[in-house]
Amino acid sequence: MRNFVKQNWVLLLILVLALFFRFWQINHYPGGLFPDEAANGLDINSMFHGQIQPFYERGNGREALFFFFEAFSVLIFGRGVWQFHIVSAAFGFAAVIAVYLLAKRLFGKRTALLAAFFMAISSYAATVTRTAFRANTVPLLSTLTILFLVKFFQEKDVKKSFGQQYLLEFPLA
């Protein structure tokens with residue numbers, strides 16, 4: 001563990017920055033809910049009353065994946081505004097890690113550290129991920145999609161290209 005920290009102290013510092021900018025005083029800022037976030041709450045109430053669906057019609061229709069994560073947060077922490085916002089912040093934090101992994105795979109560790117740093121401190125990325133919009137899942141999911149496609153096409157071994165060992169070899173170092 002000590003060797004891991006010694007080799008990756010810059011990455012760990014970047015991740016601490018990302019955590020800070022996404023979670024610091026999330027129970028106060030932003031204040032309240034936007035109308036779309038409140039509509040998410042209505043759909044979560046429907047979930048708690050047994051109406052589990054893959055798609056909800058409210059607001060011209062929305063897929064339910066993000067609502068499942070928000071419902072889990074409400075189930076654990078209770079009802080409130082910040083319970084919605086921490087889900088988006090977690091997706092934003094995970095996007096920083098995914099950007100690091102993709103950039104490292106494509107360009108090397110130094111470029112990956114720069115990319116993760118800029119993603120961690122970006123005012124736009126940090127501000128948007130503090131709001132409970134389901135669009136906050138897009139940076140993470142699109143980056144992971146590109147990462148797995150790049151890995152698939154770069155890998156020579158067929159078994160490895162299908163990700164059988166990728167999750168066991170989480171490549172941070």
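Visitor: Why is the pair E63 and R134 called a salt bridge?
Guide: This is a predicted model, so every value here is computed from it. The closest N and O atoms of E63 and R134 are 3.0 Å apart. The cut-off is 4 Å, between a side-chain nitrogen of Lys or Arg and a carboxyl oxygen of Asp or Glu. The pair is within that limit, so it counts as a salt bridge.

Visitor: What makes this pair a tie between parts of the chain?
Guide: E63 lies in strand β2, and R134 lies in the loop between α7 and α8. The two parts are 71 residues apart in sequence, so the pair ties them together.

Visitor: Are E63 and R134 buried or partly exposed, and how do you know?
Guide: E63 has a relative accessibility of 41%. For R134 the value is 27%. Buried means under 20%, and exposed means over 50%. Both values lie in between, so E63 and R134 count as partly exposed.

Visitor: How many salt bridges are there by this rule?
Guide: The count is three. D43 pairs with R58, with the closest N and O atoms 3.0 Å apart. D43 lies in helix α3 and R58 in the loop between β1 and β2, so this bridge joins parts 15 residues apart in sequence. D43 also pairs with R62, at 2.0 Å from N to O. R62 is in strand β2, so that bridge spans 19 residues of sequence.

Visitor: What makes D43, R58 and R62 one network?
Guide: Their salt bridges share partners.

Visitor: How do you know whether D43 and R58 are buried or partly exposed?
Guide: D43 has a relative accessible area of 2%. That is under the 20% limit, so D43 is buried. R58 stands at 35%, so it is partly exposed. R62 is buried, as D43 is.

Visitor: Why is S88 called buried?
Guide: Its relative accessible area is 0%, which is under 20%, so S88 is buried. S88 is found in helix α5. Its contacts include F66, T129 and F133.

Visitor: What makes S88 and T131 a polar contact?
Guide: The side chain of S88 reaches the backbone oxygen of T131 at 2.7 Å.

Visitor: Which residues touch the most other members of the largest nonpolar core?
Guide: V96 and Y100 do, in a core of 16 residues. Helices α2, α5, α6 and α8 each supply at least two of its residues. The largest share, six residues, comes from α5. Another core, of 15 residues, lies apart from it, with I44, M47, V87 and F91 among its members. V96 itself touches residues including L15, A18 and M119.

Visitor: Which residues form the nonpolar patch on the surface?
Guide: They are F20, F21, W24, L114, F118 and I121, with about 590 Å² of accessible area together. Helix α6 gives the largest share, three residues.

Terms used
Residues numbered from 1 in each chain as written. Predicted model: local features only at pLDDT ≥ 70, side-chain atom pairs only at ≥ 80, totals over all residues. Heavy atoms only, no water. Patch = residues over 30% accessible without salt bridge, like charges linked within 9 Å, V, L, I, M, F, W, Y side chains within 5 Å. Areas by Shrake-Rupley, 256 points an atom, 1.4 Å probe, with all protein chains shown as cover. Helix = DSSP H or I, 4+ residues; strand = E, 2+ residues; numbered from the N terminus. Core = buried A, V, L, I, M, F, W, Y, C linked by side-chain atoms within 4.5 Å. Buried < 20%, exposed > 50% of the residue type's maximum accessible area, 1.4 Å probe, protein only. Contact = heavy atoms within 4.5 Å. Polar contact = N/O pair within 3.5 Å; in protein donor to acceptor, adjacent residues only side chain to side chain. Lists of a residue's contacts leave out its neighbours within four places in sequence.
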